[in-house]
Amino acid sequence: MFVFAAASAATGQPASREAAAHASLVVIVNTQNPVTELSVGELRLILLGETTRWPDGRRITVAMRESDQAERDAMLRLVCNMSDQDFTRYLLHATFRGTLKSSPKVLETATGVRRFVFNVPGAIGYLRGDEVDGSVKAVRVTGVISPGPAFGLTLGTR
Amino acid sequence: MIVDRLAPQARFLCSCACSIVLLPLAAQSAAAQPTEEPQQIEQLQKRVDELEAQVKALQAQADSEEKRQADAAAESTREGAEGMRDMLTPLGLGALQIRGFNDIDFRTFRAGGQVNTFSLGQLDLFLSSRLGSDFSTLGEIVFEADDTNGLEVDVERFLLQYSPNDRISVAGGRFHTAIGYYNTAYHHGNWFQAATGRPFIFRFEDDGGILPVHGVGVTVQGQIPSGAAGLRYVGEISNGRRSRSPDDEPVQNVEDENAHKAVNVALLSRPTGIPGLQAGVSVYRDRLERAAQPTIDETIVAAHLVYQVPLFEQLNEAIFIRHTPADTRATATTSSFYSQISRQFGRGRPYFRYEFLDVPNSELVFANQIGRSYGPTVGLRIDAAPPVAIKLEYTRLTGSIETQTNGFTLQFAFVF
């Protein structure tokens, strides 16, 4: 769902948390998606699987990076106020309750996330700002309560 | 990037078109040959236009196929884009996902004739599967020991769900009734909940519970457009509980004892400004037809206020069960509430729960839980590993229900 670019755009290799320090995360969607802005609350509901459709009715597919990536940790902390373990447990519980219809897709690299969002019209992900290109659309995130960094990353609001 | 995405045929046609365009241009640049024939140039231009149209058609076809494959990849839990896998799908499994939950307990008893004992919990196999874009199914098959130490198998939940959007989701089958909060938040997997067991008002029917926690029928739920209020609704119609004899299976899986159906409606609010907060009310109505006795109207009203985030939880619920015989209209009201609080400290989560249940003597439906029971439960849950929880709990209840639970419980609960 969110693509957190922990990886160098050039190499596709995961970047260290130190290297990712002070970078900002950008929420991206497919270029066909008419959505241009999401509040943090809406983003949270999407990540948690409570909102499953875009306004045009298309199913939302969340793309996430592997666990133990600074970008993923930061996105979960900044948007859901959860650790990665909390989030995994939440997904399992939501599946058990029957409220989660589709769990997030996990991609190994930032390039993989970008390509996934490019190819899947209903996809949403996250990248570091310098990993976003014209193949995907950046979504403006509003209502960020905590502008401070988490795991060296902030949530971009462009 | 666009060229990379073209099919081989499109690339070939594109090359031809470029060559055809460049040739006349090269001829033009050779000004020494003023013998151009306008008709020939016109034919070449026409041919270029045709080739360009074919290139565009092939490109559109390739794009369409790519989108179709991408959508299919997004829906699939096994295959997808390069490097993609489903977060909750173990590698090698098919579309049918299976999760298991179990617990192993050791109990000591403070009073009564019971002895300290090891105890197997419920072996719960949870099945789920996507059936296309809008359909899904889930089920819980539980293996558990009965009072004679024999093992039996129960299908505790089995649902076919249709979820075309967030406003409505319809499911049919056997489900946990949406009475209050706990019954649908926690099912048969003890690993999820902080304590070793459910509040006694939410005990399962085959464990002495007094609520119809399971139903067989249809349930509808969804979001109500309400902005920051985050309203949701639940509506259920089911066979209700069996009441002709205490010895009967309480959940009417295949046959209703009467034509009257149980109806339950619930309204919930999850304010978007306060993540983790939920408040809700539910009203359940049924008619019980006991053998050779007057029918009884059953009304169950439940209200809850819950705040639950990963680090902290506070659960508060109150449930009132009203039974009114058709002949005397003398209503008996059973009251119950519980409050539970817990806080995560590293791997540890201490918790405290206080419960209260008051069944009046005039109650006609519950044969075994007459009277008042109340008391605290205190415990510590330690997550030894993400899938393994160790819980140590002490319960001290007063009243007729006390000998069923009082004492220490050590539980190992896990998911696999």
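Strand β4 of chain B (residues 123-131) is joined to β5(B), residues 135-145, by 9 bridges, and the two run antiparallel. Strands here are DSSP runs of E, at least two residues, and helices are runs of H or I, at least four, all numbered from the N terminus. Two strands count as paired if DSSP finds at least two bridges between them.

Before going on, a note on the source. This is a predicted model: local features need pLDDT of at least 70, side-chain atom pairs count only at pLDDT 80 or more, and totals for chains, interfaces and linings use all residues. Residues are numbered from 1 along each chain as its sequence is written, with chains lettered from A and ligands numbered from 1 in the order in which they are written.

Back to β4(B). With β5(B) it forms a hairpin, with 3 residues between the strands. Gly132(B) sits in that turn, with a positive phi of about 90°. Look across the pair: Leu127(B) stands opposite Gly139(B) of β5(B).

Which other strand joins β4(B)? That is β2(B), residues 97-107, through 5 bridges, again antiparallel. One partner pair there is Phe101(B) with Asp124(B).

Ile382(B) lies in strand β16(B), residues 371-385. The cut-offs: 20 or more is buried, 12 or fewer is exposed, in between is partly exposed, with C-beta atoms placed from the backbone.

Leaving out residues up to four places away in sequence, Ile382(B) touches Arg347(B), Gly348(B), Ala389(B) and Ile390(B). Contact means C-beta atoms, placed from the backbone, within 7 Å. Now take Leu364(B). It is 18 residues from Ile382(B) in sequence, yet 42 Å away in space, C-alpha to C-alpha.

Over to chain A. It has 4 helices and 7 strands. The order is β-β-α-β-α-α-β-α-β-β-β. Of its 158 residues, 56% are buried. Take the contacts in chain A with a separation of 6 or more: 73% are between residues 24 or more positions apart.

Last, the contact between the chains. Chain A gives 37 residues and chain B gives 35. On the chain A side, the elements giving two or more residues are α1, β3, α3, β4 and α4. The largest share, 8 residues, comes from α3(A). By type, that side has 12 nonpolar, 16 polar and 9 charged residues. Nonpolar covers Ala, Val, Leu, Ile, Met, Phe, Trp, Tyr, Cys and Pro; charged covers Asp, Glu, Lys and Arg; the others, Gly among them, are polar.

How values were computed: Contact = placed C-beta atoms within 7 Å. Buried ≥ 20, exposed ≤ 12 C-beta atoms within 10 Å, placed from the backbone.
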